[in-house]
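Biologist: I am new to this structure and would like a short tour. Could we start with how its elements are named?

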Amino acid sequence: IVGAARDGQEIIVDADQGDVHLSPASDIVDAYSNRARLQARRLKRYARIKHLPAVTRDGVGVTLNMNAGLMMDVENLEDSGAENIGLFRTELKFMVAARMPRETEQLQVYKDVLDRVGERDVVFRTLDIGGDKVLPYLRTRSEENPAMGWRAMRMALDRPGLIRYQLRALLKAAAGRQLSIMFPLITTVEEFERSRDLLLFEQQRLRKFGHAVPKNLRIGTMLEVPALVWQLDRLLPQLDFLSIGTNDLLQFFFAADRGNPMIGQRYDLLSLPSLRLMSHVREVCKSHDVPVSICGELGSSNLEAMTLLGLGFRSFSVPSATVGSVKRMVRSTNLERLERAVTEVLAHPSGNLREQLHAIADAQGVKL
């Protein structure tokens, strides 16, 4: 590894796992940053509530899960205070590898994850590569706007061999257990149906050749593209669950690149348009009796998470380092009062919504 490194090159050394990452992708850096922050904070501020449930003062339970992508994240599940893994980013294994992981290697990773969590749930997101998640061993074309280009399920459906190996590995790893799978960057109902059919085909194929399959297969999708919002009436009857990927959904909603410092903070996520969008999605999911969760930065900041609670959301998947903080906020909230106040603010908007939401938190003693 010394011969491969160059002067000035970023490097992560994981002494616990014996891993070294040269020029790590931003997702890998984020994973290690979350780990370091969690280790520094878990024995301090939130230690006393780590094993307490995320229940509001008026007795309403909230499901608080964590995001993961590497085995070290899974090992943090117990210390984080989260209930389950609401998002396992399967692409991180591909990004840290020097070559395309074989089916047997993928199978072992997924089996290790399921073994580690035991009876808890893990939601595996299929490969979300392309855009800013480049695999050095996968040849792709240069794109002017990669975030909105050939990535995630768009790539997978064009190259089904890639996703079929992963689906096969996931199904084998979960033999006799529950398996929860969701697809990223679905834009049309037809894309979901093609993705689901690939999964069901692989399950049928395994049965045909005598392999054990999951005892319960739950299929969902990420909501990251605004166009899908207006197809939910057709999509939801086919889903077991929906996860709102707020990072992509809201950057596409505002047509503002969240990674661009000139405009990334230009549009407030706690503004009337985005909150009305989120409220609409929650209401449609409720009418179809489909569980919906928040996955992304919007649910990991206390004020934003408080607002989403007030809109009716009851399930969140957040980085491990923020679980304790969000749980503390939840446990300080009287949900009935909060919902009334948030509903009133949205019904009669005036001035800066963020300031009004802060005022609600102060008046109700919500710990932000």
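Modeller: Strands here are DSSP runs of E with at least two residues, numbered from the N terminus. Please keep in mind that this is a predicted model.

Biologist: Which strand holds V20, then?

Modeller: V20 is found in strand β2, which spans residues 19–22.

Biologist: Is V20 buried, exposed or partly exposed?

Modeller: V20 counts as partly exposed because its relative accessibility is 36%. Together with I11 and V13, V20 forms a nonpolar surface patch, and the three share about 250 Å² of accessible area.

Biologist: Turning to the sheet, which strands make up the barrel?

Modeller: Eight strands form a closed barrel in the order β3-β4-β5-β6-β7-β8-β9-β10, with parallel pairing. On average, neighbouring strands of this sheet are turned by 25 degrees against each other, direction ignored.

Biologist: How many bridges link β8 and β9?

Modeller: Four bridges join strand β8 (residues 241–245) to strand β9 (residues 292–295), in the parallel sense. S243 stands opposite S293 of β9.

Biologist: What does helix α11 touch?

Modeller: Helix α11 (residues 246–253) packs on the sheet and touches β7, β8 and β9. The direction of α11 makes about 60 degrees with that of β8.

Biologist: And which strands does α7 lie across?

Modeller: Helix α7 (residues 160–173) lies across β5, β6 and β7, and runs at about 160 degrees to β6.

Biologist: Last topic: how many residues of α14 are buried?

Modeller: Seven of the nine residues in helix α14 (residues 323–331) are buried, so the helix is mostly covered, with buried meaning under 20% relative accessible area. Among the buried ones are V323, K327 and V330.

Key. Residues numbered from 1 in each chain as written. Predicted model: local features only at pLDDT ≥ 70, side-chain atom pairs only at ≥ 80, totals over all residues. Heavy atoms only, no water. Patch = residues over 30% accessible without salt bridge, like charges linked within 9 Å, V, L, I, M, F, W, Y side chains within 5 Å. Areas by Shrake-Rupley, 256 points an atom, 1.4 Å probe, with all protein chains shown as cover. Salt bridge = Lys/Arg side-chain N within 4 Å of Asp/Glu carboxyl O. Buried < 20%, exposed > 50% of the residue type's maximum accessible area, 1.4 Å probe, protein only. Pairing = 2+ DSSP bridges. Axes fitted to C-alpha atoms, helices over the stretch in contact; angles between N-to-C directions. Contact = heavy atoms within 4.5 Å.
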